[in-house]
Amino acid sequence: MKLASLYRSITLIACFTLLFSCEKYYDPTEYIDEEAALTNEADVATATIGSYALLKSEAYIRSGHFLMEYPGDAVAQGQSSGDDLTRAYRYNHINTSGHATNFWSQSYKIVAAANKVIEFVPDDASAGLLQLKGENLYLRAMVHFYLVRVFGRPYPQGKGENMGVPILREGLTDEETAVLTRSSVKEVYNFVLADLLKAAELMSEDKSSSFASKEVAYALLSRVYLYMEDNANAIKYANLVINSGRYSLLEGSEYQGFFKSSPDNNRETIFCIRHTKVEDRGMSSINSMYFSGDVAGNPLGQGVSGWAEIYASKKYYDLVQTYPNDLRNSFITPYLLDGKLQYNQKLTPVTPMYYVNKYALQEGQINLSSPIFLRLAEIYLIRAEAQAKSGNTAAALADVNLLRQRAGLTGAALRTTSNLQTAGMSVLEAVMEERYLELAFEGHRAYDLFRNNMPMERNYPGTHSLNNTPTTNITQKVLPTDPRVVFYVPQAEINRNSNLKQNP
């Protein structure tokens with residue numbers, strides 16, 4: 001979408017109380033005319049709900065998930081698809097990618113909506129208005145961060161001097177937005193940090209995980225600092241979240257049912273995009289590519305309730321099966337018939353059908369989920385990685401073992417310097433493996449590898465083999481310096497604004 005048109009064309013989205021379970025904060029409202037939208041706190045509250053509502057678009061949630069998760073090695077595509085998601089998985093990107101175009105366009109719509117509130121609310125406003133301004137600052141920061149992850153190279157490469165994405169600040173004229181250039185990765189990260197720090201300063205209310213709050217800003221700050229290799233600040237903000245007392249790790253059966261429960265009652269979730277029962281997107285959901293089954297969670301054949309063409313990779317499945325009592329096995333549902341594992345037969349070698357259920361069966365509905373963007377387990381892993389890189393071995397392993405114990409592992413399954421040496425693993429490698437196990441299918445893996453200068457290696461059945469000769473070769477190795485680590489800027493945007501330079 002052309003940036004210059006955003007302020008002219010955006011109409012603040014209707015707010016429906018059920019969308020975010022927000023009735024205790026705001027009354028439902030209908031559409032608001034743009035010119036008369038912001039006159040008082042009630043208007044700003046409604047406009048803010050509009051900003052959140054824009055996150056729920058398929059163009060943002062579904063396309064964004066494909067771009068961020070499918071380049072990783074926890075997934076395997078079992079057959080070719082006419083959907084552009086296949087290119088994301090195989091790393092043969094094109095500059096007319098539908099999902100990249102959708103994600104870029106919708107991201108800047110969200111930013112434009114947030115900017116209206118940010119620009120309207122002065123810094124000496126009431127506490128209620130400042131809370132709402134802080135929430136919009138958080139949304140603007142989050143969206144810019146995900147944009148620069150998808151379209152800009154990892155921060156450590158070139159110390160952030162590579163091309164990032166345009167920064168859409170409040171107060172820009174149509175003429176100025178029409179000729180925006182790509183800021184550097186470092187400039188975008190610094191913009192994100194400034195917004196998050198300001199947001200944390202302004203927000204004073206503890207809302208549900210469907211909304212931003214001070215701790216939500218702290219959580220994203222810890223991740224951004226980790227990506228920048230600022231380990232001291234990553235630890236600092238992780239500690240602020242962990243020590244806030246607002247969140248705790250789910251355990252036992254609650255953990256096994258983590259992604260099926262309503263996020264409003266989930267004390268581990270920090271920020272999610274809340275979907276209610278009336279918002280099951282069916283075959284257009286994230287889950288439709290991972291799972292096909294009934295409301296009891298029993299897997300069925302493809303096309304029954306989803307396409308079920310993306311599976312957990314054999315690499316991931318074999319790792320999590322190292323300890324069969326690891327509760328994280330609960331998030332994989334092998335497709336069995338008469339007790340036998342089924343395989344997608346459309347390629348040779350055939351692909352085992354390990355269904356993923358992290359985006360299924362929320363509140364008993366097959367394709368319903370509320371995608372989680374931040375949760376407490378990640379914060380512990382951020383702290384563990386930063387501690388490992390700071391030489392604090394004991395602290396890093398303590399956080400890793402906390403999550404392994406939560407997953408039901410005990411005794412020799414816990415990490416020690418001794419058994420790591422025996423296994424030939426460093427403490428950092430143990431942390432990265434734990435991130436792989438814990439955060440699989442949540443859009444982290446490719447970024448974890450590339451920002452740490454590690455290759456992404458696939459040696460398991462899947463359509464990535466079609467990039468190789470002969471086609472039965474199931475290996476693929478993507479180096480962190482590969483041009484296709486990032487996606488092309490949508491050509492449609494470059495056609496509208498020649499100041500936008502394309503990725504190599």
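**Before you start.** This is a predicted model, in which local features need pLDDT of at least 70, side-chain atom pairs count only at pLDDT 80 or more, and totals for chains, interfaces and linings use all residues. Residues are numbered from 1 along each chain as its sequence is written, and side-chain values use heavy atoms, with hydrogens and water left out.

**Stop 1: helix H4.** Select residues 58-69, which form helix H4. Helices (H or I, at least four residues) and strands (E, at least two) are DSSP runs, numbered from the N terminus. The end C-alpha atoms of H4 are 15 Å apart. That agrees with the 16 Å that its 12 residues should span at 1.5 Å a residue (the expected span is 1.5 Å times one less than the number of residues).

Buried means under 20% relative accessible area, with a 1.4 Å probe and protein chains only. Among the buried residues are Tyr60, Arg62, His65 and Glu69.

Ser57 caps the N-terminal end of H4, with a side-chain oxygen 3.0 Å from the backbone nitrogen of Ala59.

**Stop 2: H11 and H14.** Select residues 231-242 (helix H11) and 376-389 (helix H14). Their axes come within 9 Å and cross at roughly 150° (axes are lines fitted to C-alpha atoms, for helices over the stretch in contact, and angles run from 0 to 180 degrees between N-to-C directions). That makes H11 roughly antiparallel to H14, a label for angles over 145 degrees. Show side chains at the contact (heavy atoms within 4.5 Å). H11 contributes residues including Ala234, Ala238 and Ile242, and H14 contributes residues including Ile379, Arg383 and Ala386.

**Stop 3: Leu250.** Leu250 sits in the loop between H11 and helix H12 (252-256). Leu250 counts as buried, at 4% relative accessibility. Select Arg267 too: it is 17 residues away along the chain, yet the two C-alpha atoms are separated by 7.3 Å. Leu250 also touches other residues, including Tyr255, Phe258 and Arg406.

**Stop 4: Asn367.** Go to the loop between strand E9 (354-356) and strand E10 (372-375), where Asn367 is found. Asn367 is buried, at 8% relative accessibility. Which side chain does Asn367 join by a polar contact? The partner is Asn287, at 2.8 Å. A polar contact is a pair of N or O atoms within 3.5 Å; within protein, one must be able to donate a hydrogen and the other to accept it, and residues adjacent in sequence count only if both atoms are side-chain atoms. The side chain of Asn367 also reaches the backbone oxygen of Ser305 at 2.8 Å.

Methods. Buried < 20%, exposed > 50% of the residue type's maximum accessible area, 1.4 Å probe, protein only. Parallel < 35°, antiparallel > 145°, perpendicular 65-115°, else oblique. Lists of a residue's contacts leave out its neighbours within four places in sequence.
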